[in-house]
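Subject: Structure handover

Hello,

Here is the structure for you to look through. My notes on what was found come after it.

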Amino acid sequence: MEDKVSMRPFSPVADLDFSEEEIQRYSRHILLPEIGAVGQAKLRASSVLIIGAGGLGSPALLYLAAAGIGRIGIIDDDRIELSNLQRQIAHATDRIGQPKASSAAAAARAINPLCQVEPIEGRITAHNALALVGGYDLVLDGSDNFATRFLIADACVLAKRTLVSASVLRFEMQLSTFKPHVSASAPCWRCLYPEHPPAEMATSCGEAGVLGAVTGVAGTLQATETVKELLGIGTSLAGRLLIWDALSAEFRTIRFPRDPACAACGEAATIRDLSAHR
Ligand code: ZN
């Protein structure tokens, strides 16, 4: 039980009223014993905040909208550039120069108009992070820098929100789920990365490159883990880091423990607010 996802009160009786369109649209989900009509109703009652409408956020948003998540926030402060289109598949050539958040929202609505997509054209900051993160059931991090990743991770611990986080570089992906508020054994991001990494590790795709399809797999795996967490099905990635090297075509999983001395989720946690983030 301790591994289940905490969600707001949910009434399966009231929420099982599907339209004919919904029954057809979600029929391949409803056929799955692990999802069924009850699970599909749970997805419809769920909300997800996606941070970044880029290489990870694009496929994650499209699949989660298609899956029938009831409400999805998509936050990004960038505008579409030609060099984004090699991997950021929610956008299109004729939308170069437009804000990514509204472009991605339009792509998601085109797939599923039943999904309430909320584009947020701005940055997640120490000032707005808790309100943003707290406004959704689960957070999917598709940001592209470590400063933002630490901010999101700390905000999720403070707001008690499950975080599904992935990163990609060149031909490699790392993915995990963090939910220390759900289980005493589940680590947070800072249990894995206590401090900001040295500069040579914090290389960006803009400097080192990335294979476009690798971001697509990573974002799609994030969408998959998000659905699992929202429904409480399968085995959570909490406490495990999934690493994929596309060049060798090998996946491996590394277990990592919760750190009792963690500054964010430990017994004597020192991070009580986001004031250390600028
Ligand atoms: Zn921790």
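A residue counts as buried when its relative accessible area is under 20%, as exposed when that area is over 50%, and as partly exposed in between. Cys-262 has a relative accessible area of 3%, so Cys-262 is buried. Please keep in mind that this is a predicted model.

Zinc site

Cys-262 is one of the residues that hold the zinc ion. Which atoms coordinate the zinc ion? They are the SG atoms of Cys-188, Cys-191, Cys-262 and Cys-265, at 2.3 Å. The angles among the 4 donor atoms run from 95 to 121 degrees, and the site is tetrahedral. Along the chain, the donors are spaced as C-x2-C-x70-C-x2-C. Cys-188 sits in the loop between β6 (172-178) and α9 (189-192), while Cys-265 belongs to the segment after β8 (250-255), so this pair ties together parts that are 77 residues apart in sequence.

Are Cys-188 and Cys-265 buried or exposed? Both Cys-188 and Cys-265 are buried. Cys-191 has a relative accessibility of 12%, so Cys-191 counts as buried too. As for disulfides, a search of the whole structure finds 0.

Pro-187 is located in the loop between β6 and α9, the loop that also holds Cys-188. The relative accessibility of Pro-187 is 1%, so Pro-187 counts as buried. Pro-187 and Gly-68 are 119 residues apart in sequence, and their C-alpha atoms are 29 Å apart in space.

Cavity

Rolling a probe the size of a water molecule over the atoms shows where empty space is left. How many cavities of 30 Å³ or more does the count give? The count gives 1 cavity. The volume of the largest cavity is about 60 Å³. Its lining is made up of Ala-153, Cys-156, Val-157, Arg-161, Leu-163, Phe-178, Pro-180, His-181, Cys-188 and Trp-189.

Which helix gives the largest share of the lining of the largest cavity? Helix α8 (residues 146-159) does, with 3 residues. Sorted by class, the lining has 8 nonpolar residues, 1 polar residue and 1 charged residue.

Two loop residues with positive phi

Arg-170 is not a glycine, yet its phi is positive, near 55 degrees. Arg-170 lies in the loop between β5 (162-169) and β6. With a relative accessible area of 43%, Arg-170 is partly exposed.

Ala-249 also has a positive phi near 55 degrees, again in a residue other than glycine. Its place is the loop between β7 (240-245) and β8. Why does Ala-249 count as exposed? The reason is its relative accessibility of 62%, as the cut-off for exposed is over 50%.

A residue in helix α11

Thr-224 is part of helix α11 (residues 212-231). Its relative accessible area is 39%, so Thr-224 is partly exposed. Thr-224 and Leu-64 are 160 residues apart in sequence, and the distance between them in space, C-alpha to C-alpha, is 8.5 Å.

Regards

Note on methods: Residues numbered from 1 in each chain as written. Predicted model: local features only at pLDDT ≥ 70, side-chain atom pairs only at ≥ 80, totals over all residues. Heavy atoms only, no water. 1 Å grid on protein atoms, 1.4 Å probe; cavity = no way out; pocket = protein on both sides within 12 Å on 5 of 7 lines; lining within 4 Å. Points joined across faces, edges and corners; volume = space filled by probe spheres on them. Helix = DSSP H or I, 4+ residues; strand = E, 2+ residues; numbered from the N terminus. Nonpolar A, V, L, I, M, F, W, Y, C, P; charged D, E, K, R; others polar. Donors = N, O, S within 2.8 Å, 3.2 Å for Na, K, Ca; no water. Tetrahedral: all angles 85-135°; square planar, octahedral: opposite > 155°, others 65-115°. Buried < 20%, exposed > 50% of the residue type's maximum accessible area, 1.4 Å probe, protein only. Disulfide = S-S within 2.5 Å.
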